[in-house]
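Student: Please take a close look at the aromatic rings of this chain and at the packing around them. I would like one connected account, with the criteria stated.

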Amino acid sequence: MPFNLDKFVASPSVEELDSLKKSEIVKVAKHYGIEFQPLMRKDEIKRYVLEYLVDESILPITVLETAITVPTDNTFELKRLEIEMNKEIRLKEMEREREREEREMQKKEKEEREMQMQMQKEKEEREMQMQREKEAREHEFRLKQLELGVIKGSDPKIGLDTGGLFDVSKHVKFVPKFQEDNVEKFFNHFEKLGEQLKWPRDKWSILIQSNFTGKAQEVYSALSIEDSMDYDKVKKAILQAYELVPEAYRQKFRKYRKADTQTYVEFAYQKERHFDRWCASKKVSTFDTLRQLMLVEEFKR
């Protein structure tokens with residue numbers, strides 16, 4: 001209900017005074033002619049009113065003992081502390097903002113460095129790729145020169161020129177087709193043809209490279225010109241690429257297991273093939289060499 005000044009003046013009490021708003025307490029103070037500053041807090045004005053009512057014997061002195069004591073002397077100190085606290089808060093906010101800007105700048109610099117490194121890496125990779133392609137072209141060109149060199153002046157009837165040079169073009173058509181799924185068979189077939197047709201061994205690498213495909217072609221292109229002219233090195237590199245080396249054959253023999261779809265006859269046949277290839281790769285041809293192979297195998301296990 002609205003404040004009634006006349007009713008309060010007729011029967012003042014601490015309880016009712018406590019329930020009043022600042023504007024209502026101001027009315028009471030003005031009614032009694034109490035001097036106060038407009039900027040004073042509500043509790044300060046209320047205390048002035050209580051002191052007046054006690055002085056006028058309207059209220060007992062005991063009300064002052066229970067009244068809220070306002071430390072008016074500390075008002076300016078509290079204000080100073082509040083200002084300092086706000087200042088400290090602003091400084092911390094400014095520090096956080098500065099740190100955030102530094103982090104963003106560092107992140108940006110890091111991204112720029114990474115981008116530059118990536119661009120440099122891509123540039124180097126492109127240069128390396130171009131260099132590899134250049135070397136491959138030079139390699140092929142060199143081989144073509146070698147082929148043309150041995151073909152020049154040849155006798156079309158016998159494949160040998162008047163100076164005794166081997167005619168690659170007359171024999172390359174006899175080179176068997178390369179099969180990636182049976183590389184070892186390809187080399188065996190090629191070597192038999194080479195012996196039967198009496199191909200000079202130093203020309204085998206030129207003949208055999210003409211039919212390479214897939215991984216074999218990549219391996220051959222990666223060889224140096226000197227190694228690419230050595231048949232044994234070419235063969236070794238390609239067999240290693242297809243894992244057709246003694247250790248690979250040994251692993252296949254040891255790890256080969258019967259499949260559910262295989263008969264025991266089929267399994268035995270495949271197991272025997274792996275064993276034979278292992279022995280052949282180790283040049284096992286006698287009982288003594290087989291015995292030596294088995295003993296070495298036992299030491300490794």
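Tutor: Helices (H or I, at least four residues) and strands (E, at least two) are DSSP runs, numbered from the N terminus. On that basis the chain has 15 helices and 0 strands. The model is predicted: local features need pLDDT of at least 70, side-chain atom pairs count only at pLDDT 80 or more, and totals for chains, interfaces and linings use all residues. Residues are numbered from 1 along each chain as its sequence is written, and side-chain values use heavy atoms, with hydrogens and water left out.

A pair of aromatic rings is described by the distance of the centres and the angle of the planes. Rings of Phe, Tyr and Trp (its six-membered ring) pair if their centres lie within 6.5 Å; planes under 30 degrees apart count as stacked, over 60 as edge-to-face and the rest as tilted. The count under this rule is 14 aromatic pairs. One of them joins Tyr32 and Tyr52, with ring centres 5.0 Å apart and planes at 40°, so this pair is tilted. Because Tyr32 belongs to helix 3 (residues 22–32) and Tyr52 to helix 4 (residues 42–55), the pair ties together parts that are 20 residues apart in sequence.

Burial is judged by relative accessible area: buried means under 20%, exposed over 50%, and partly exposed in between (1.4 Å probe, protein chains only). Tyr32, at 13% relative accessibility, counts as buried, whereas Tyr52, at 25%, counts as partly exposed. The rings of Phe178 and Phe186 also have centres 5.0 Å apart, but their planes stand at 85°, so that pair is edge-to-face. Phe178 is buried at 6% relative accessibility, and Phe186 is buried at 3%.

Phe178 and Phe186 belong to a cluster linked by ring pairs, whose other members are Phe187, Phe190, Trp199, Trp204, Phe212, Tyr220 and Tyr231. Several of these names return in the nonpolar packing. A nonpolar core is a set of buried Ala, Val, Leu, Ile, Met, Phe, Trp, Tyr and Cys residues joined through side-chain atoms within 4.5 Å. The largest such core has 25 residues, and those with the most contacts inside it are Phe187, Phe190, Trp199, Phe212 and Ile238. At least two residues of this core come from each of helix 8 (183–196), helix 9 (204–209), helix 10 (214–222) and helix 12 (231–241). With contact meaning heavy atoms within 4.5 Å, Phe187 touches Ile208, Tyr231, Lys235, Ile238 and Leu239, not counting residues up to four places away in sequence. A second, separate core of 19 residues includes Phe8, Val49, Val54 and Leu59.

Helix 13 (residues 246–255) has Ala248, Tyr249, Arg250 and Phe253 as its buried residues. These buried residues pack against helix 8, helix 14 (264–281) and helix 15 (287–300). Among them, Tyr249 has a relative accessibility of 4%.

Lys271 lies over the face of Phe253, at 4.9 Å from the ring centre. Lys258 lies over the face of Tyr264, at 4.8 Å from the ring centre.

For the chain of 301 residues, 27% count as buried. Among contacts between residues at least 6 apart in sequence, 43% join residues at least 24 apart.

Technical notes
A charge sits over a ring if NZ of Lys or CZ of Arg is within 6 Å of the ring centre and within 35 degrees of the ring normal.
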